Amino acid sequence: MDRELYGREAVLEARGLAARLVGLGPYGHGRVPFEHGEDPPVTVFTGGRGMGKTVLLKEVRNRYRGLTPLALLDCGHVEEPADHGAGWSPVTGALAELAVQLGRRGEAVKPVPFPRLSLGLVAVTSVGWTRDDDERARRDLLRLGPLLATVDAGRTAAASWVGKVLAKLAGTAAEAGAPFAGLIAEATVETVVEEFFSRFRKAPEDWFGGYRNAGGRGRAGLQQLAVDFAQGGPRREEAESFLVLTLTEDLHRAYTGLKVGSRVGRPLLLLDNAHEPVGRALVEPILRARADGRRDHTVVLATSRPREHEALRHATRVRLPETAHQAPCPRTSRVGSGLLAVELTPLTPAQTRAALDRHDPAGRTPADLSRAVHRLTGGRPLGVDLLCRAVGETPPDARTGLTPGDLLDLTVELREDTAPVPVVPALLGALLPVPRTEPYAVLAAAHDEESARRLAQARLPGESLDGDVALRVRDRLRAEHWAEHPGRFVGDPLLRALLLHRLRFADGDHPHYAAWRAVHETLRRHYGPQPGPYRLHHDLALGETAEAVAHLRLTFPEPDVLGWLGRLRFIASAPCPRERGRTGPDPRRAVALGQDPDPRLPAGLDPDSAELHLSVRRLLHAVWLLTDPLALPDEEVADRLAHELRRLSGRHLTGSGPLWDAAGHWPRDIRAWREPSLPPGREDGV
């Protein structure tokens, strides 16, 4: 069943990017003119975790499977055989897997044989064999059975050819007197050629005459290939690069000399996580050969988590929507000019709305929930998908009061054959695949490296014996290419919200929330004893607002009104210590609207100071509620925010202008789903 991939139509539609590269519409719906003629670029979709790279490749596979030779490989997870010999490497393992997938027969595609790659992998697989360990050779040869089946499926069922290889190997090893990669490879290849490739005559073997030092002699090239592979280091890389080109050569030959129309659509190589070493080892030889004028016609669609990967520095860069109708990739003298780097863009608010409507067709959720989901997730497709699916699995009558914070408390069914799982662990497992998320959850409350170190020393003393925990966490976040923020140790809003949710609820210590309290009390001590913005920020995270209100009241008359507004905004950006499953209106709302029955005024205030205190208290709670990514917007509170700022503007002796501007612009910013601007009205000042 196809997935609805909102915002990815530029790749998947009938004349989208994939169709123009393959020359065939999805599901075989008609030929499509090749956009790049005989020189298709290697297309790399870039984006962080949760941006839909893997899902996009899988959907391309679903739409072209059985119509053209196709293979999908996760370059970050090439499975290592439990008991392999010296002739296996991640690259050779990847090549064998790709060839087996590409060689499958489809409903509208002829199987592709891989005689050249089979010979090459047989040669390198033989390195390290000896006549004293024929069982090792037997296991390695049988492991190549699926690959050899692409050449002659009928022969792989019989093990007689394995015995002949072993007999030849024993004689060669005895004659040589010692294991020797070249001689063993020659004996192995000779038998395999006789057993499997007689119908090809010498053509597959001749390909290896182009390998270094071969002088046009195929057997010599295969021997040298095995020797280089056995040597390791740069020589092994050279051998592996030649094997990559051997794969594309077999694909190219499968399209050569055939009757016109017998193959429609170019072969597809789908490489997920191509920024990993295996991915680079597969892509770079193709790029170099194409830069030298070789035309193999294989369509390579790859993904890369880092957008600024060094391998992409000479790529042509476009954003996904720009590729809907054309995607120029001009070739220059640089090898990297054969790369088309397509940045996967976040979903738009309209696409998020469509995703929610699909799971809530009756529209029972609050009108602003889709925009709130978009704000929380930043349009990250994985986050949008899981939160919208969680809505769809909520009883209809319970949807009317949902907030983004409520969605984090729900469960979601990831697969039909497994029980629903909590949303937050499911999202964290995909966005931050680490053995334990506890250190990340603790440090998500920090603002910078200094406060993170303080937290780590106090709350994570036994977490690491080999270095600074905070720096290790920082480096892991950077390695995962998470965006940094000058005021947040964990910069991405969605990741930070998920980690803080885990900090709040994962220890199951309701109603004390000991882990949450201990972390924020540690940071409050770190920034104390004076009531500065950082300390007061953590007061709010602990549910204590009195000192923050008093500080803002006392500093209100000072001439630096912009600084006062900035402190107000920062203090109110504290995470709210909410309760899981709480029903009814947010308690901050009553305070913001002046409906709190017990305002608890400090003792000794004169009437004017008391009025200022209550106004500042209402304003603080309004900003705190309206800027909370886990809450829904509230029109009445936004109007009250404007009212309080206008009143304060009339009270200030010298700084009425910025307060008046904030009264006009801050509600407008909030309604536009932006952080309140500073100076007010400066959208680029957020």
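## A covered helix

How many of the 10 residues of helix α25 are buried? In this predicted model, the count is seven, so helix α25, which spans residues 546-555, is mostly covered, with buried taken to mean under 20% relative accessible area. The buried residues of α25 are A548, V549, A550, H551, L552, R553 and T555.

The cover over these buried residues comes from several parts of the chain, including helices α24 (533-541), α26 (561-571) and α28 (607-626).

## The chain as a whole

Stepping back, the protein chain has 30 helices and eight strands. Its C-alpha atoms fill a box of roughly 105 × 55 × 50 Å, taken along the principal axes. Of the 686 residues of the chain, 53% count as buried. For contacts with a separation of 6 or more, residues 24 or more positions apart account for 70%.

## Rings and charges

How many aromatic pairs does a search of the whole structure find? The search finds seven. One of them joins Y527 and Y534: the ring centres are 4.8 Å apart and the planes meet at 20°, under the 30 degrees cut-off, so this pair counts as stacked. Y534 itself is partly exposed, with a relative accessible area of 33%. Elsewhere, ring pairs link W207, F208, Y211 and F242 into a cluster.

Two arginines sit over phenylalanine rings. The charged end of R266 lies over the ring of F34, 3.7 Å from the ring centre. R580 is placed over the face of F505, at 4.4 Å from the centre of that ring.

## Backbone details to look for

The peptide bond from G528 to P529 is cis, with omega near 5°. P529 belongs to the loop between α23 (514-527) and α24, and α24 is among the helices that cover the buried residues of α25. The other cis peptide bond to visit joins L678 and P679, where omega is about 0°. P679 lies in the segment after α30 (656-671).

Two residues other than glycine have a positive phi. For H481, phi is near 65°, and this residue is in the loop between α21 (469-479) and α22 (493-505). For Y513, phi is about 50°, and its place is the loop between α22 and α23. Are these two residues buried or partly exposed? H481 is partly exposed, at 38% relative accessible area, whereas Y513 counts as buried, at 4% relative accessibility.

## Two buried contact points

L431 is part of helix α18 (residues 423-431). Its relative accessibility is 0%, so L431 counts as buried. Which residues does L431 touch, leaving aside those up to four places away in sequence? They are R49, G50, R380, L382, W482, L494 and L498. The C-alpha atoms of L431 and G48 are separated by 8.7 Å, although the two residues are 383 residues apart along the chain.

S615 is found in helix α28, one of the helices covering the buried residues of α25. S615 has a relative accessibility of 3%, so S615 too counts as buried. Not counting residues up to four places away in sequence, S615 touches E644 and L648. S615 and E644 are 29 residues apart in sequence, yet their C-alpha atoms are 6.3 Å apart in space.

Note on methods. Residues are numbered from 1 along each chain as its sequence is written. This is a predicted model: local features need pLDDT of at least 70, side-chain atom pairs count only at pLDDT 80 or more; totals for chains, interfaces and linings use all residues. Side-chain values use heavy atoms; hydrogens and water are left out. Helices (H or I, at least four residues) and strands (E, at least two) are DSSP runs, numbered from the N terminus. Buried means under 20% relative accessible area, exposed over 50%, partly exposed in between (1.4 Å probe, protein chains only). Contact means heavy atoms within 4.5 Å. Rings of Phe, Tyr and Trp (its six-membered ring) pair if their centres lie within 6.5 Å; planes under 30 degrees apart count as stacked, over 60 as edge-to-face and the rest as tilted. A charge sits over a ring if NZ of Lys or CZ of Arg is within 6 Å of the ring centre and within 35 degrees of the ring normal.
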